[in-house]
Amino acid sequence: MGRLRDFVVPYIAIRDREAGYGVSIVKAGLTAAGRPAGPVRPPLTDLTEQELAELTALVKTVI
């Protein structure tokens, strides 16, 4: 239950903030892990800087 509560639930909360973030969060997650994947293509939007910071902190708990 720990990883579900500590990683998956917060990850899904970020993903669900905007339509299209299902793709955006994967690319942002790669960036957070030090493997930049570049921006998403329109009409999708990238995570905000604040959301990327949240995701980066989250990813650092598991890598």
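The following dialogue examines a predicted model through questions and answers.

Trainee: How are residues numbered, and which pLDDT limits apply to this predicted model?
Mentor: Residues are numbered from 1 along each chain as its sequence is written, and side-chain values use heavy atoms, with hydrogens and water left out. In this predicted model, totals for chains, interfaces and linings use all residues, whereas side-chain atom pairs count only at pLDDT 80 or more and local features need pLDDT of at least 70.

Trainee: How many helices and strands does the protein have, and what pattern do they follow?
Mentor: Helices (H or I, at least four residues) and strands (E, at least two) are DSSP runs, numbered from the N terminus. The protein has 3 helices and 0 strands. Read along the sequence, the pattern is α-α-α.

Trainee: Why does the radius of gyration agree with that of a compact globule?
Mentor: The radius of gyration is taken over C-alpha atoms, and the globule rule is 2.2 Å times the number of residues to the power 0.38. The C-alpha atoms fill a box of roughly 35 × 25 × 15 Å along the principal axes. For 63 residues a compact globule would have a radius near 11 Å, and the protein agrees because its value is 11 Å.

Trainee: What share of the contacts with a separation of 6 or more comes from residues 24 or more positions apart?
Mentor: Contact means heavy atoms within 4.5 Å. Among contacts with a separation of 6 or more, residues 24 or more positions apart account for 53%.

Trainee: Is Ser24 buried or exposed, and which residues does Ser24 contact?
Mentor: Buried means under 20% relative accessible area, exposed over 50%, and partly exposed in between (1.4 Å probe, protein chains only). Ser24 is found in helix α2 (residues 21-32) and counts as buried because its relative accessibility is 1%. Leaving aside neighbours within four places in sequence, Ser24 is in contact with Val40, Thr45, Asp46 and Leu47.

Trainee: Which residues does Ala32 touch?
Mentor: Ala32 is found in helix α2 and is buried, with a relative accessible area of 11%. Ala32 and Leu52 are 20 residues apart in sequence and 7.4 Å apart in space, C-alpha to C-alpha. Not counting residues up to four places away in sequence, Ala32 touches Thr56 and Val59.

Trainee: Which residues make the nonpolar surface patch, and what is its area?
Mentor: Patches are made of residues with over 30% relative accessible area and no salt bridge, like charges being joined within 9 Å and nonpolar side chains (Val, Leu, Ile, Met, Phe, Trp, Tyr) within 5 Å. Val9 has its place in helix α1 (residues 2-15) and is partly exposed, with a relative accessible area of 48%. Accessible areas come from the Shrake-Rupley method with a 1.4 Å probe, and for residues only the protein chains shown count as cover. The patch is made by Met1, Leu4, Val8, Val9 and Ile12, with an area of about 450 Å².

Trainee: Why is the pair of Phe7 and Tyr11 described as stacked?
Mentor: Rings of Phe, Tyr and Trp (its six-membered ring) pair if their centres lie within 6.5 Å; planes under 30 degrees apart count as stacked, over 60 as edge-to-face and the rest as tilted. The structure holds 1 aromatic pair. The ring centres of Phe7 and Tyr11 are 5.7 Å apart and their planes are at 25 degrees, so the pair is stacked.

Trainee: How many salt bridges does a search of the whole structure find?
Mentor: A salt bridge is a side-chain nitrogen of Lys or Arg within 4 Å of a carboxyl oxygen of Asp or Glu. Among them, Arg5 pairs with Asp6 with the closest N and O atoms 3.1 Å apart, and Asp16 pairs with Arg15 at 3.0 Å. The search of the whole structure finds 4 salt bridges.

Trainee: Which residues are joined with Arg17 into one salt-bridge network?
Mentor: Glu51 forms a salt bridge with Arg17, the closest N and O atoms being 3.7 Å apart. This pair links distant parts of the chain, with Glu51 in helix α3 (residues 49-60) and Arg17 in the loop between α1 and α2, 34 residues apart. Glu51 is buried at 8% relative accessibility, whereas Arg17 is partly exposed at 37%. Salt bridges that share partners join Arg17 into one network with Glu51 and Glu54.

Trainee: Which residues does the cis peptide bond join?
Mentor: Pro43 lies in the loop between α2 and α3. With omega at about 15 degrees, the cis peptide bond joins Pro42 and Pro43.
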